Amino acid sequence: MLAKRIIPCLDIKDGRTVKGVNFVNLRDAGDPVELGAKYSQAGADELVFLDITATHERRKTLADLARDIARHLNIPFTIGGGIKALADVDVLLDAGADKVSINSAAVRRPELIDELAYAFGKQFVVLAVDAKLVDGDWYVHLNGGRIKTEHKLFDWVHEAQERGAGEILFTSMDHDGTKAGFANAALAQMSDRLSIPIIASGGAGNKEHFADVFKAGKADAGLAASIFHFGEVEIADLKQYLTAEGVPVRPVS
């Protein structure tokens, strides 16, 4: 079995790392480059940096941030926010990003997934999906959860896989920031339908939640923000716990 990945996520607004509950009530969590370097040294397997206001405010993700991150990290990182075209991705990969995350632009124009996969390779394309349970169905939401679409979650991620997405980053908006556990039932259903890796996001509150998401949720990676940012769970302790629970993880060097 492949090792499960532990991925701190840094949501960025105006150049600072922020964290909220259910996508609102944001509070400052520190400098993203400093935090990223700390997580790299602490044993994180990868990092995700998302400019959470880039699409809504019509700003592009800054290549300068990617360069700064790349200078301070020795682990893979994904960067996203406001990516709409091949040129946006080209500049980020040149700046040192290992993967890019796309979200709203792909929903509005699904062909973007095909274009990026063809130009750069599937392994560089992470489809981020923010979804909420509405009247018994999971629906995709855009612009940081501000806009509900008619796309149903499982249909959309399957289409994205067929178009060339190399990985799915699924955030349950209902669970985000609540620290009540991941959306394991939805994740397991997604895992059964897809052949590409799934990163689980939204709801991590303790070490047990990670064991649950890997066992019950069948996720390939567990992503969290506030519990890492505010020192509630240390990555080395988490990996030690998961190993004891029989979950394969990469050792902290």
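**Exercise 1. Two helices side by side**

At what angle do helix α1 (residues 32-42) and helix α2 (residues 63-72) pack, and how far apart are their axes?

Solution. Some ground rules are needed at the start. The model is predicted, so local features need pLDDT of at least 70 and side-chain atom pairs count only at pLDDT 80 or more, while totals for chains, interfaces and linings use all residues. Residues are numbered from 1 along each chain as its sequence is written, and side-chain values use heavy atoms, with hydrogens and water left out.

Step 1. Find the elements: helices (H or I, at least four residues) and strands (E, at least two) are DSSP runs, numbered from the N terminus.

Step 2. For α1 and α2 the angle is about 30°, and the axes are 9 Å apart.

Step 3. Classify the angle. Under 35 degrees counts as roughly parallel, over 145 as roughly antiparallel, 65 to 115 as roughly perpendicular and the rest as oblique. Therefore α1 and α2 are roughly parallel to each other.

Step 4. Assign the hand. A crossing is left-handed if the near helix is turned anticlockwise from the far one by less than a right angle, and right-handed if clockwise. The crossing of α1 and α2 is right-handed.

**Exercise 2. The neighbours of β1**

Which strands pair with β1 (residues 5-13), and over how many bridges?

Solution. Step 1. Two strands pair if DSSP finds at least two bridges between them.

Step 1. β1 and strand β12 (residues 221-224) are parallel and share 4 bridges. In this pair, arginine 5 stands opposite alanine 221.

Step 2. β1 also runs parallel to strand β4 (residues 47-51), again with 4 bridges. Here isoleucine 12 has aspartate 51 as its bridge partner.

Step 3. Check the cover. Buried means under 20% relative accessible area, exposed over 50%, and partly exposed in between (1.4 Å probe, protein chains only). In β1, 8 of the 9 residues are buried.

**Exercise 3. Both sides of β10**

Which residues of β10 lie on one side, and which on the other?

Solution. Step 1. In a regular strand the side chains alternate between the two faces of the sheet.

Step 1. On one side of β10 are Glu167, Leu169 and Thr171; on the other are Ile168, Phe170 and Ser172. Both faces are covered, and 6 of the 6 residues in β10 are buried.

Step 2. Strand β7 (residues 125-134) runs parallel to β10 and is joined to it by 6 bridges. Leucine 127 in β7 stands opposite isoleucine 168, and leucine 127 is buried, with a relative accessible area of 0%. Strand β11 (residues 198-201) is parallel to β10 as well, with 4 bridges, and phenylalanine 170 stands opposite alanine 200.

**Exercise 4. Aromatic rings**

How many aromatic pairs does the structure hold?

Solution. Step 1. Rings of Phe, Tyr and Trp (its six-membered ring) pair if their centres lie within 6.5 Å; planes under 30 degrees apart count as stacked, over 60 as edge-to-face and the rest as tilted. The structure holds 5 such pairs.

Step 1. Take one of them: the centres of phenylalanine 182 and phenylalanine 210 are 5.6 Å apart and their planes stand at 75°, so the pair is edge-to-face.

Step 2. Locate the residues. Phenylalanine 182 is in the loop between β10 and α7, and phenylalanine 210 is in α8, 28 residues apart. Both phenylalanine 182 and phenylalanine 210 are buried.

Step 3. Widen the view: ring pairs link Tyr39, Phe182, Phe210 and Phe228 into a cluster.

**Exercise 5. Positive phi**

Where do lysine 179 and lysine 218 lie?

Solution. Step 1. Most residues other than glycine have a negative phi. Step 2. Lysine 179 has a positive phi near 60° and lies in the loop between β10 and α7. Lysine 179 is partly exposed, at 29% relative accessible area. Step 3. Lysine 218 also has a positive phi near 60°, in the loop between α8 and β12. Lysine 218 is partly exposed, at 35%.

Note on methods. Axes are lines fitted to C-alpha atoms, for helices over the stretch in contact, and angles run from 0 to 180 degrees between N-to-C directions.
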